[in-house]
Amino acid sequence: KLSIADVDVSGKKVLMRVDFNVPLDDNGKITDDRRIEMAIPSIKSVVDRGGQLILMSHLGRPEPGADNSKYSLAPAAKRLGEILSKEVAFASDTVGDDAAAKVAALSDGGVVVLENLRFEKGEKKGDAEFAGKLAAFADIYCNDAFGTCHRTDASMVAVPEAMGDKPKVVGFLVEKEITYLSDAIGNPKRPFVAILGGAKVSDKIMVIKNLLGICDKVLIGGAMAYTFSLAQGGKVGKSLVEKDKVELAKELIEAGGDKLVLPVDTHCGDDFSGDCNKVTVKSGEIPDEYEGLDIGPETAKLYAQLVTDAKTVVWNGPMGVFEMPPFDAGTRAVADAIAASDAISIIGGGDSAAAIGQFGLADKVTHVSTGGGASLSMLEGQAFKAVDILDDK
Ligand code: 3PG
C-alpha cells in the first residue's frame, strides 16, 4: 500500500485516523499511553515535513445523545502535546464549527485533534454524509489506527471512499503491525506455537480453527479451558463455562488432535479473591465449591517448555486471573518463557499486552500489538476492508 512516507505532505492538510482509545482512570487521567506513543512516527513524519495534521479517533463506546464527557479526547490531545513538546489544538466538536475553524487555522507543522468520532452517530453507522464532512477537511487521508482496522466505521471506510482521487495512504504503525502478524502467520519459522487464553471460547473459535491449520501446537489456557474440560466430561465446579459451546469445544478437540494442548492441572479458589482457600487439582477434577482461576504448575511447566522449543510464538489472552496474585502464576510463567526465548514472539493486544507490561517484559518480545480485536481478526485470517481500500503503491 502507498505509505505516508510516499506522499508530499508539505503545506497539505492530512486527515489521519489514529486509535487513541486509551484507558483512563476515574479522574480522566490516561493510565497507559502506548497507543499514542506508537502513532508518533506517522505524526512526526507529517509535522516534520510541514504538513497540517488533523487527527481523528474514537475513545470508548459512548452513546450518542448521553452525557459522554468522560469519553472526551481532550486528555489524549494534551498527552500528545506533552510527547511532541509542542502545542496541539483540540476541537470541542468533530465536524462542527470549532473543528472547521481549527482545521482552517492550521499552519504548516500544526496539529489539531478532533473530538471523539463516536460522539456523532454517523461514525458507527458508516454514514456517507458525516464521512463527507471529514473528508472535506483534507487533501490526504492516512490510516494509522491499527487497533480499529477490523471495524468498518465511517472514519475507517466511508471517509477514504469520500476522498475520491485524493491520496489515501497507510501509516507506519498499521504497516508494521500487519507485517509482523502476517509474516508470523503466513511464513512462520517452526515449530510455531500459539497460546490462547481469555474467558470465552466464543471469542476465540475462529482463531482456534484458523491456527489449528497453521500452527504446530495450539495451547489453551484461561477460563475457556473449563469449557473444553466440560466437553471432555470433566468436573469444573463453579468455574466460568459456556455451556452452549460445549458441543463446539468437542468438535475442536476432535479436529485438533495432538495439536490442541489443554491444561493438565488447574489452580482453584473457593472465592474470586486472592486470599480465598486454594487447591491445585488435575484438570476435570475441580471440587464443587471451587472455581478454576489459573492453569496449574504442571501445565505452566509444560507450556513454558513448548514455548522454549518454539521458533515462532503468538500469544493472545491470559492463562488465569493475572491481575490477582497468586492466580497470575500461569500467565507469568508463559510470559517469562516467551521473554527468555529467542523465537519470534508476537503478543496480541488487550489483556496479554497488559500482562506482559505488568510483568515488565514488553521489551523482551519481538512485537506487542496495539490491537486487541484487530490482532484477533488477523489471527482468524480476516482481511481488513479499512486497509484494502487504501491506494496501492
Ligand atoms: C480496541 O480497543 O480494540 C479498539 O480501539 C476498537 O474499539 P471497539 O472495540 O470499541 O471498536
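1. Ground rules. This is a predicted model, with local features needing pLDDT of at least 70, side-chain atom pairs counting only at pLDDT 80 or more, and totals for chains, interfaces and linings using all residues. Numbering starts from 1 along each chain as its sequence is written.

2. Helix 1 against helix 2. Helices here are DSSP runs of H or I with at least four residues, numbered from the N terminus. Helix 2 covers residues 74-84, and its axis sits 11 Å from that of helix 1, at an angle of about 55°. Axes are lines fitted to C-alpha atoms over the stretch in contact, and angles run from 0 to 180 degrees between N-to-C directions. That angle makes helix 1 oblique to helix 2 (under 35 degrees is roughly parallel, over 145 roughly antiparallel, 65 to 115 roughly perpendicular, the rest oblique).

3. Who touches whom there. Ile36, Glu37 and Ile40 of helix 1 meet Ala76, Arg79, Leu80 and Ile83 of helix 2, contact meaning C-beta atoms, placed from the backbone, within 7 Å. By class, that contact has five nonpolar, no polar and two charged residues. Ala, Val, Leu, Ile, Met, Phe, Trp, Tyr, Cys and Pro count as nonpolar, Asp, Glu, Lys and Arg as charged, and the others, Gly among them, as polar.

4. Helix 8 against helix 10. Helix 8 (residues 201-212) and helix 10 (residues 246-256) have axes that come within 11 Å and cross at roughly 15°, which makes the two roughly parallel. Helix 8 passes helix 10 in a left-handed crossing. On the helix 8 side the contact uses Val201, Ile205, Ile208 and Leu212; helix 10 brings Leu248, Ala249, Leu252, Ala255 and Gly256. Eight of these residues are nonpolar, one is polar and none is charged.

5. Domains. The assignment gives domain 1 (4-173) and domain 2 (188-379); such bounds come from an automatic or database assignment. Their C-alpha centres lie 35 Å apart. At the interface, 10 residues of domain 1 are in contact with six residues of domain 2. Helix 1 (residues 34-48) gives the most to the domain 1 side, with three residues. That side divides into four nonpolar, three polar and three charged.

6. Ligand. Around the ligand are Asp19, Asn21, Arg61, Gly147, Thr148, Arg151, Gly372 and Gly373 (C-beta atom, placed from the backbone, within 6 Å). This shell has no nonpolar, five polar and three charged residues.

Key
Contact = placed C-beta atoms within 7 Å. Left-handed = near helix turned anticlockwise from the far one by under 90°.
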